[in-house]
Amino acid sequence: MAAKKKVNSVLWYLGVILISLTTVMPFLWTISTSFKSDSEILSGAMNLIPRFFTFDHYKEVFNTMPFQRYLKNSLILALGGVITNLFFGSLAGYAFGQLKFKGKRVIFLVFLASMMIPGIVTMIPTFIVLRSFPMMGGNNLFGQGGLGLINSYWAILLPGAAGAFSIFFMKQFFEQLPKELGESARIDGASDFKIFWQVYLPLAKPSLTTLGIMTFQAGWNAFMWPMIVLNSDEMKTVQVGLAAFQYNYNTNYGPLMAGTIVATLPVLVIFIFAQRNYVQGIANAGIK
């Protein structure tokens with residue numbers, strides 16, 4: 001029995017080491033490459049410690065393109081997505097988790113079904129709707145003559161303002177809370193929105209933190225949709241801007257790795273400071 005336990009322990013540690021090598025090592029290599037000289041990078045050396053440290057690639061990132069502008073755009077879009085998803089997601093989650101209304105089950109199943117549809121399928125219809133938005137971006141009343149909401153923050157924020165996942169996630173949490181809380185407040189004359197805002201929402205801090213981190217990460221790392229709807233250089237996000245270091249069949253690895261590290265820092269910092277609530281929120285949402 002002791003021998004079997006020892007073997008299982010060894011296998012577990014081997015598994016952890018292998019997973020670490022496949023996840024942590026690429027990140028360490030990215031950091032290392034960002035500090036290497038061009039000659040050392042092109043030599044194909046796989047050493048993690050650069051022979052000569054240089055910050056030239058970090059300078060090049062900010063000197064060759066408006067990288068600060070790209071970071072600002074990504075921050076606005078990511079934070080905007082967090083605000084809208086937390087509000088509308090928790091509001092709808094509260095309705096599905098605590099309230100009773102006709103067609104509740106059918107509507108919720110429709111939301112779940114929408115999660116099964118690949119995003120690539122809805123890209124063209126969504127683009128056409130945004131492009132033909134009336135009285136916006138030079139369009140007339142019939143949605144013609146201009147760009148609509150294309151090349152604006154709204155092209156990113158509106159389609160993802162209330163994601164099906166955020167509604168599902170918050171519904172799982174609110175469903176666990178006792179309905180007696182709302183009934184007591186309702187007897188005292190509180191409206192449904194006041195009950196949601198003052199009674200249930202303050203209890204959802206761990207789940208809101210978790211959803212906020214996940215939404216921020218998804219918005220910050222988005223590439224395909226921003227590349228389609230944000231065409232002008234001043235509206236590009238950081239992920240689209242990094243693609244500029246890959247052209248034709250060549251890749252400028254130094255600045256690309258440096259830019260990747262800079263782009264990773266915001267998500268990393270947020271996760272470090274909020275990891276406790278993040279783990280607690282995942283556990284709460286998973287308990288049924």
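Mentor: A pocket is an open set of grid points with protein on both sides within 12 Å along at least five of seven lines, and its lining residues have an atom within 4 Å of a point. Keep in mind that this is a predicted model.

Trainee: Which residues lie nearest the centre of the largest pocket?
Mentor: The lining of the largest pocket counts 32 residues. Helices that give two or more residues to this lining are H4, H5 (104-114), H6, H7, H8, H11 (205-221) and H12 (224-229). Nearest the centre lie Ile-156, Pro-159, Gly-160, Ala-161 and Gly-163.

Trainee: What is the volume of the largest pocket?
Mentor: Rolling a probe the size of a water molecule over the atoms shows where empty space is left. For the largest pocket, the volume is about 1,100 Å³.

Trainee: Which element gives the most to the lining of the largest pocket, and how many residues?
Mentor: H11 spans residues 205-221 and is among the elements giving two or more residues to the lining. The most comes from this helix, H11, with 5 residues.

Trainee: How many residues of that lining are nonpolar, polar and charged?
Mentor: Gly counts as polar here. Gly-160 and Gly-163 are lining residues, so they count as polar. The lining divides into 19 nonpolar, 13 polar and no charged.

Trainee: How many of the residues of H8 are buried?
Mentor: Buried means under 20% relative accessible area. The buried residues of H8 include Phe-169, Met-170, Lys-171 and Phe-173. H8 is largely enclosed by the rest of the structure, because its buried residues number 9 of the 11.

Trainee: Which helices do the buried residues of H10 pack against?
Mentor: In H10 (residues 192-200), the buried residues are Ile-195, Phe-196 and Tyr-200. They cover an arc of only 100° around the axis, so they sit on the same side of H10. They pack against H4 (67-98), H8 (164-174) and H9 (180-187).

Trainee: Is Asn-139 buried or exposed?
Mentor: Asn-139 sits in the loop between H6 (119-131) and H7 (154-157). Its contacts include Arg-131, Phe-133, Gln-144 and Leu-147. Its relative accessible area is 6%, so Asn-139 is buried.

Trainee: Which backbone nitrogen does the side chain of Asn-139 reach?
Mentor: Gly-146 is one of the residues that Asn-139 touches. At 2.7 Å, the Asn-139 side chain reaches the backbone nitrogen of Gly-146.

Trainee: What separates the C-alpha atoms of Ile-128 and Phe-165?
Mentor: Ile-128 belongs to H6. Ile-128 is partly exposed, with a relative accessible area of 48%. Phe-165 is 37 residues apart from Ile-128 along the chain, and their C-alpha atoms are separated by 24 Å.

Terms used. Residues numbered from 1 in each chain as written. Predicted model: local features only at pLDDT ≥ 70, side-chain atom pairs only at ≥ 80, totals over all residues. Heavy atoms only, no water. Buried < 20%, exposed > 50% of the residue type's maximum accessible area, 1.4 Å probe, protein only. Helix = DSSP H or I, 4+ residues; strand = E, 2+ residues; numbered from the N terminus. Arc of directions from axis to C-beta. Contact = heavy atoms within 4.5 Å. Polar contact = N/O pair within 3.5 Å; in protein donor to acceptor, adjacent residues only side chain to side chain. 1 Å grid on protein atoms, 1.4 Å probe; cavity = no way out; pocket = protein on both sides within 12 Å on 5 of 7 lines; lining within 4 Å. Points joined across faces, edges and corners; volume = space filled by probe spheres on them. Lists of a residue's contacts leave out its neighbours within four places in sequence.
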